[in-house]
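Work through the exercises below with the sequence and the structure open. Try each task before reading its solution.

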Amino acid sequence: MSATMVPPHVRLANEIARQFEHKAPADAATAIANHIKAVWDPRMKRALVAAVDAGADELDPVAVLAANQVRATLT
């Protein structure tokens, strides 16, 4: 998938993940998830979780861990 075709929620999750590359993956995932839970619109959260469920291979592995933490808070 080209850079112009990456959905916004995937692009943003990857950008956030890059900001936490200095942390251990579990700690980074928690920090990313906390940011997403606090700031993102519920539609973006659901879209990110749906991307994980669809196997979005362009999504950073730590962002996938974060999305799974976000999943637990969706209603």
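**Exercise 1. The core**

Which residues in the largest nonpolar core touch the most other members?

Solution. The model is a predicted one. Its largest nonpolar core holds 20 residues. Within that core, A13, I32, I36, W40, L48 and L59 touch the most other members. Next, assign the core to elements: α1 (8–19), α2 (25–39), α3 (42–53) and α4 (61–71) each give two or more residues to it. As background, nonpolar side chains in soluble globular proteins tend to be buried together.

**Exercise 2. The fold as a whole**

State how many helices and strands the protein has, and decide how its radius of gyration compares with the globule rule.

Solution. Begin with the count: the protein has four helices and zero strands. Read from the N terminus, the order of elements is α-α-α-α. The radius of gyration is 11 Å, close to the 11 Å from the globule rule for 75 residues, so the protein is as compact as a globular protein of that length. The C-alpha trace spans about 30 × 30 × 20 Å along the principal axes. Finally, consider contacts with a separation of 6 or more: residues 24 or more positions apart account for 67% of them.

**Exercise 3. I32 in its surroundings**

Is I32 buried or exposed, and which residues beyond four places in sequence does I32 touch?

Solution. Locate the residue: I32 lies in helix α2. Buried means under 20% relative accessible area. I32 has a relative accessible area of 0%, so I32 is buried. Then list the contacts: not counting residues up to four places away in sequence, I32 touches I16, A17, F20, V62 and A66. For a distance check, I32 and P61 are 29 residues apart in sequence, and their C-alpha atoms are 12 Å apart.

**Exercise 4. V49 in its surroundings**

Carry out the analysis for V49, giving its element, its burial and its contacts.

Solution. V49 is found in helix α3. The relative accessibility of V49 is 7%, so V49 counts as buried. Leaving aside neighbours within four places in sequence, V49 is in contact with A67, R71 and L74. The C-alpha atoms of V49 and P7 are separated by 13 Å, and these residues are 42 apart along the chain.

**Exercise 5. Surface and charge**

Solution. Buried residues make up 32% of the 75 residues. For the charges, there are 8 positive and 8 negative side chains. The centres of the two sets lie 8 Å apart.

Definitions and conventions
Residues numbered from 1 in each chain as written. Predicted model: local features only at pLDDT ≥ 70, side-chain atom pairs only at ≥ 80, totals over all residues. Heavy atoms only, no water. Rg over C-alpha atoms; globule rule 2.2 N^0.38 Å. Buried < 20%, exposed > 50% of the residue type's maximum accessible area, 1.4 Å probe, protein only. Contact = heavy atoms within 4.5 Å. Lys, Arg positive; Asp, Glu negative; His and termini not counted. Charge placed at Lys NZ, Arg CZ, Asp CG, Glu CD. Core = buried A, V, L, I, M, F, W, Y, C linked by side-chain atoms within 4.5 Å.
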